[in-house]
Amino acid sequence: MLEVRHVSKSFRGLRAVRDASFQVPEGAINGLIGPNGAGKTTIFNVIAGVYAPDSGEILLGGRRIDGLRPDQVCAAGVGRTFQIVKPFAGLSVLDNVIVGALHREGSVSAARGRALAILEKLGLAAKRDWPASSLTLPDRKRLEVARALATRPRLLLLDEVMAGLRPTECDQMVQLFRGINRTDGLTILLIEHVMRAVMALAHHIGVLHHGEVIARGMPEEVVRDPAVLECYLGEETDV
Amino acid sequence: MPLDLVLNVAVSGILTGLVYGLMALGLSVIFGVVRVVNFAHGEMMTVAMYAATILFAALKLDPFLAALPVAAAFFAFGYWLQKTLINPFVTRPMHSQFILLLAIAIILVNGLLMIFGPDARNVQVDYQLESFEIGGILIDKARLYAATAALITATALFTFFRFSLTGKAIRACADNYLGAKVVGLNVKHLYALTFGLGSACVAIAGCALSVVLEVTPQLGPAMTLLAFVIVIIGGMGSMAGALLGGVLIGMSEALAGLFIAPSAKSMFSFGLLILVLLFRPQGLLGTRA
Amino acid sequence: MSRSVAGLLALLALLAALPFFVGPYLLSVLTLVLFLAYTGQAWNVMMGFAGQLSLGHSLYVGVGAYAAGALFFHFGIGPWAGVWLAMLLCVALGLAIGFLAFRFRISGVYFALLTIAFAEFTRVGFDHIGWLGGPAGMFLRVAQRDTWDFANFRGPPLMYYYTMLALAVAAFILCAWLLRSRAGYYWQAIREDEEAAQALGINSFRWKMLAVAVSSAMTSVSGVFFAFYYNNLFPEQIFHISRSIEILIGPIVGGVGTLFGPILGAAMVTLLADGLTDALMALGWDIPGFKRVFYGVVLLIVIIFLPRGIWPALARRLGLHA
């Protein structure tokens, strides 16, 4: 589904991503982990069209999407959430999701129907007329996911969606994503620090450090890889 | 068109431009630090001009001397304004800030209209019609003094920001609001101080300008726009840019008035503003935010 | 029928019946209120819906007025044809400004300054266009003021009042429809968070341009009305920044982004200002500048204490949906 080939991105001399390559098969849930500043959100932003890569290509379902505008990338089938949630604060919860649903639905009433269904799925239906600004953080995260799902994406990019959630809330989200992945076949790529979620969800993990992919594989292997441990914890020294 | 006429007009424009530059400097400092769009800037300067005319009429006080008490009063007013009225708006959306200062501007302009009426006033000092002759060019004494006052004030301000502890603290606030607070700087006070300084600049510019221009209440909005044009062309946040922009605008307006038509002067400035906004929004000396 | 709709219909009936109870002066004030309500509604599309602050809307009033005015003055062509030219020119102008601004990523205060610059540039420019009368102005012939001549838009003040009422109602219905449509949702999304909106597939450039086009088209009609109502056009007056400010005071005081806000705001501010001026004149005080100081004070109070405008708070009290 998603192919990232030799993508590099620098900002005024700072190399945020260097020569990163990985694939996400259709219907898979893959994780992207790494210490802060490793370049994970930058990769997301490049995939989502916020930046164009300096070099390399990004393919979605075989079609190149690098260099497209964010709205064009969404049209190609990519949905995304933001690390710091961005609700439409002045609109109601329902209206937030309707905005997303309008992407694929032809009329406002059809979009409304779809939005309500998604809110049900995410447990936000009771709060649909609340202003988005009045939601708690976990609910805002759910709203962000609901909005992105409303655009009927083929690939969903989740940027640290578990951050700030309690373990029970985290588990609920994990169940939700597992469910959507199973029933709708939605491909998911997630950036996460919360290992509980990564281990439970991801079929496959890539590790980013200083902009480079330094390890990849099944979660259990990657977590034991000495190179990965080193980038998180530092080198082993004899004391 | 005889060359010495052109040169006279150009020099005159440059000198006036320096005073415009001082006014714009106040705006640049305020926007650069407090990030508030002072849409009442020109109106404040007009108030200063009126103050100068009153002090001259009543006490025969030379505007350049009057500048000191007027600047002090404006400093206090600016400090107070920022601390009480404007501070809550620093975090509000830009259009809210805009409207707040627009409201203040409307009150100032029309307040002046109510008090002084629409007729023009000016200051007629003894040396009003005298000029120096340097190398064949006639330079108005009044204009020269005004430009000198502007330069002195600008230099003083620059020195303050560069070398004094408070000045550095203010620059720190401008660079990093949260960081400044974390380090324990009293940001609210420093913001008010900055607004006060910006207002004092405007006061001095107004007093200086009173010997050069006639003042009417309607000058206020025109000057506000001019200040913004200069700051954008020179570069938001750059002090040297404000002066440079002022000189450029002063000179080009004067020359445009000479070659095209006096009434078309401001068209030129606005045209230039549009071009700068489109092609070099950071201005000549500004840095990309 | 919901309470809001019932209330609106009652208001409409009241406004339709008012001319029979008020004298000519008050009728002219009410016509002005409706004029500002309509133009404020048009301005609101750009600011309240799409979040783009325009401080140069007088540009569209002026260009619209001069377009239709010139056609009438030089060629005898009536306002019904003139309005099409007015709309065309204003939309083209608005799209040009929008294109320059949005392509070059100019927003916020810079965008507002850009709109001012264009209006000011045009103001000074029109002073030099002799064919349009220059600074001395353009005066339109008034054939008669007795019978309702719709074709040339000439008649008694009553005709102008009802025309403006119809326009204000039409604007309200149009904006209500727009707000509930895809455009309304997309505009509000862009206003709230443009980046998030783009991530949901919204081409923000295209939709912002649409907002500008709608707003400028609506405002041009205002200009045409202005030309045939006042019958004299001066660049200094019609393009002046105080005209732009008059237009936005209603929506700001009433409630930016709401449907009823511009109407309420225009009514309150105009009636209060005129009422106060009249009261003062009755006392023998004719003070130039007082009305505007009043505007300033009202703006100040509203922006400090009721930043979202009067209508949202009032609507909540009345149990209505804003």
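Me: How many bridges join strand E1 of chain A to strand E4 of chain A?
Reply: 5 bridges join E1 (residues 2-11) to E4 (residues 55-60) in chain A, and the two strands run antiparallel. Strands pair if DSSP finds at least two bridges between them. Helices (H or I, at least four residues) and strands (E, at least two) are DSSP runs, numbered from the N terminus. Keep in mind that this is a predicted model, where local features need pLDDT of at least 70, side-chain atom pairs count only at pLDDT 80 or more, and totals for chains, interfaces and linings use all residues. Residues are numbered from 1 along each chain as its sequence is written, while chains are lettered from A and ligands numbered from 1 in the order in which they are written.

Me: Which residue stands opposite A:Leu2?
Reply: That's A:Leu60, in E4(A).

Me: What order do the strands of that open sheet in chain A come in?
Reply: The order is E2-E1-E4-E5, 4 strands with antiparallel pairing. E2 (14-24) and E5 (63-64) of chain A are at the edges with a single partner strand each, so one side of each has no neighbour in the sheet.

Me: Which helix packs on the sheet?
Reply: Helix H1 (residues 40-48) of chain A does, touching E1, E2 and E4 of chain A. The direction of H1 makes about 65° with that of E2(A). For angles like this, axes are lines fitted to C-alpha atoms, for helices over the stretch in contact, and angles run from 0 to 180 degrees between N-to-C directions.

Me: Switching to the chains: which pair shares the most contacts?
Reply: Chains B and C, out of the 2 pairs of chains in contact. A contact here is two residues whose C-beta atoms, placed from the backbone, lie within 7 Å. In this pair, 31 residues of chain B are in contact with 33 residues of chain C.

Me: Which helix of chain B gives the most to that side?
Reply: H4(B), with 15 residues. Helices H4 (94-116), H9 (219-234) and H11 (265-279) of chain B each supply at least two residues of the side touching chain C.

Me: What classes of residue are on that side of chain B?
Reply: There are 24 nonpolar, 7 polar and no charged residues on it. Ala, Val, Leu, Ile, Met, Phe, Trp, Tyr, Cys and Pro count as nonpolar, Asp, Glu, Lys and Arg as charged, and the others, Gly among them, as polar.

Me: And how far apart are the closest C-alpha atoms of chain A and chain B?
Reply: They lie 13 Å apart, and no contact joins those two chains.

Me: OK, helices. At what angle do H5 and H8 of chain B pack?
Reply: About 165°, with the axes of H5 (residues 141-163) and H8 (residues 187-209) 9 Å apart. That makes H5(B) roughly antiparallel to H8(B). Angles under 35 degrees count as roughly parallel, over 145 as roughly antiparallel, 65 to 115 as roughly perpendicular and the rest as oblique.

Me: Which residues in H5(B) and H8(B) meet?
Reply: From H5(B) you have B:Ala146, B:Ala149, B:Ala150, B:Thr153 and B:Leu157; they meet B:Leu197, B:Cys201, B:Ile204, B:Ala205, B:Ala208 and B:Leu209 in H8(B). By class, the residues of this contact are 10 nonpolar, 1 polar and no charged.

Me: Is B:Lys60 buried or exposed?
Reply: B:Lys60 is exposed, with 9 other C-beta atoms within 10 Å. The cut-offs: buried if 20 or more other C-beta atoms lie within 10 Å of the residue's own, exposed if 12 or fewer, partly exposed in between, with C-beta atoms placed from the backbone.

Me: What about A:Arg152, where does that lie?
Reply: A:Arg152 lies in the loop between helix H5 (137-150) and strand E7 (155-159) of chain A. A:Arg152 also has a positive phi, about 50°, although it is not a glycine. With 17 other C-beta atoms within 10 Å, A:Arg152 is partly exposed.

Me: Last one: why does C:Ala197 count as buried?
Reply: Because C:Ala197 has 26 C-beta neighbours inside 10 Å. C:Ala197 lies in helix H8 (residues 194-199) of chain C.
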